[in-house]
Amino acid sequence: MRATAYLRNLPESLRERVSLSAVADPSIENRDFFVSRFGNEQTVSYDSAHDLLNRETADALIIASPNHAHVEHLIPALKWNVPILIEKPICISLEDCHAIWHAYQYSQRPTIFVGFVLRYTPFYRKVQELVQSGILGQILQVDGDEIVGTALTSVFFREGWRLQNSRSGGVLLEKCCHDFDVLSLLAGAPAKSVFSFAARTHFISRPREEQHARFDAEVTRRLALDYGDAHIKRFFESTSDESVYNERSEVPDHQSALVEYENGVLTAFTVTFGQPRQTRLLRIMGSNGLLTGDIQGSWIEVDIGRHREDGWERQRFEIAHDKSGHNGGDSHINDAFWAAVAGNKTDVRAGLREGLEATITSICAEESNRTGSQVSIRNARAMVFAESAPVSIDAMATQRVAQL
């Protein structure tokens, strides 16, 4: 369902030049539907990504498989040496992070885009512009909240691979690596250490009269998700009748993380499910200013201390964006990716290194929640980016698949 965004939002200038040469998915229904929407009679269909990667060639590759499968798809894809767009997160373990980085170092290092659409949104681009202008002074604290509304709460607590940490990597990795990426960007330094707490206190088995009716299956089927048109949503999103008030999902309904960055900037981040509306909230405290923002509300406010007197002056920015999805980020990441495919100069706002950094932070945060201890991101980073003996891409891919 997410992969459709990269073909729905093709730049107008390239629509006549781009065709879907091949698609891989274990589900024949998914493949046939995808080809009917975006392919033609020449499009080849595979039930195995490995068959596609070994038998086909193309000018670009999009990897939108579930999180746990990314490593087995990305490593052999490197030998294609074409622009690759891989959905976030990069992978779900530090060992896989190391394997991917090592394989990339001994490849021809193709251009890799990670699906961090927040970096491409007008909202966060404006925030970054304000931070870099120095108007806030020295940055001290960068806090964020991910407010998960009814529709996405239903996705995480009802069905699918996201219910299992062994496939998703945990909610901070699956849902919030976006946030750790932009928080690090705004902090201006790599993350150093993290401490995280999680709890599940509402979405548990409880009497019907204690359940919120807006999570009933017949209601959530009608809700919009940021994944495409209504026809695409109806096909790919088969909401079951199972209640979100069950014990199958391993997802907490709220989680917090405290992050320390190498330059002394601190972060307090929370994700909370079951909220009436979907948004992300941001607060940046500098030595001379306070920035607050609401991405769904499309506004940013900056309070700047007056010169040589008490009080402040407020500036408000209304942020416009298109309707492509993810607060306008979908069209911008598409423009950047397809420009690379066409051989034009482009803006890779989040490449492999940035994708791995956010993945490492998220994995360490999940480890902190499991152990109840502070976890060193610095040590994890050193392990991931440590040098290893040269090995061919084919040998790495074979070894990694065998291990999986």
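The following questions and answers concern a predicted model.

User: Which residue stands opposite isoleucine 84?

Analyst: Strand E4 covers residues 84–86 and pairs with E5 in the parallel sense. Three bridges join E4 and E5. The residue opposite isoleucine 84 lies in E5 and is isoleucine 112.

User: How far apart are the end C-alpha atoms of H13?

Analyst: H13 has 13 residues, which at 1.5 Å a residue should span 18 Å. The distance in the model agrees with this expectation. The end C-alpha atoms of H13 are 19 Å apart.

User: How many of the residues of H13 are buried?

Analyst: A residue counts as buried when its relative accessible area is under 20%. The buried residues of H13 include Ile333, Phe337 and Trp338, and Gly329, Asp330 and Asn334 are also among them. H13 is mostly covered, and the number buried is 10 of its 13 residues.

User: Which glycine follows H13?

Analyst: The residue in question has a positive phi, near 85°. The glycine that follows H13 is glycine 343.

User: How many residues of helix H5 are buried?

Analyst: Helix H5 (residues 94–105) has 12 residues and reaches 17 Å from its first C-alpha to its last, close to the 16 Å expected at 1.5 Å a residue. Among the buried residues of H5 are Cys97, His98, Trp101, His102 and Tyr104. H5 is mostly covered, with a buried count of 10 of its 12 residues.

User: Which elements give two or more residues to the lining of the largest cavity?

Analyst: Searching the whole structure finds one cavity of 30 Å³ or more, and the volume of the largest cavity is about 50 Å³. Its lining includes Tyr124, Asp145, Asp179, Phe269 and Arg280. The elements that give two or more residues are strand E6 (139–147), helix H10 (177–187) and strand E10 (279–286).

User: Is E6 largely enclosed or open, and how many of its residues are buried?

Analyst: E6 and E10 pair in the antiparallel sense over eight bridges, with aspartate 143 opposite arginine 283 in E10. E6 also pairs with strand E9 (residues 266–272), in the parallel sense and over five bridges; here isoleucine 147 stands opposite threonine 272. E6 is largely enclosed by the rest of the structure, because the number of its nine residues that are buried is eight.

User: Which residue in the turn between E11 and E12 has a positive phi?

Analyst: Strand E11 (residues 289–294) runs antiparallel to E12, and six bridges join them. Aspartate 294 stands opposite tryptophan 299 in E12. The two strands form a hairpin with four residues between them, and the turn residue with a positive phi, about 60°, is serine 298.

User: What is the bridge partner of aspartate 303?

Analyst: Strand E12 (residues 299–305) is mostly covered, five of its seven residues being buried. E12 pairs with strand E13 (residues 312–318) in the antiparallel sense over seven bridges. These two strands form a hairpin with six residues between them, and arginine 308 in the turn has a positive phi of about 65°. The partner of aspartate 303 lies in E13 and is arginine 314.

User: Which elements give two or more residues to the lining of the second largest pocket?

Analyst: This pocket holds about 220 Å³ of space. Of the 13 residues that line the second largest pocket, Arg119, Ser184, Leu185, Ala189 and Glu357 lie nearest its centre. The elements giving two or more residues are H10 and helix H14 (352–371).

Conventions. Residues numbered from 1 in each chain as written. Predicted model: local features only at pLDDT ≥ 70, side-chain atom pairs only at ≥ 80, totals over all residues. Heavy atoms only, no water. Pairing = 2+ DSSP bridges. Expected span 1.5 Å × (residues − 1). Buried < 20%, exposed > 50% of the residue type's maximum accessible area, 1.4 Å probe, protein only. 1 Å grid on protein atoms, 1.4 Å probe; cavity = no way out; pocket = protein on both sides within 12 Å on 5 of 7 lines; lining within 4 Å. Points joined across faces, edges and corners; volume = space filled by probe spheres on them.
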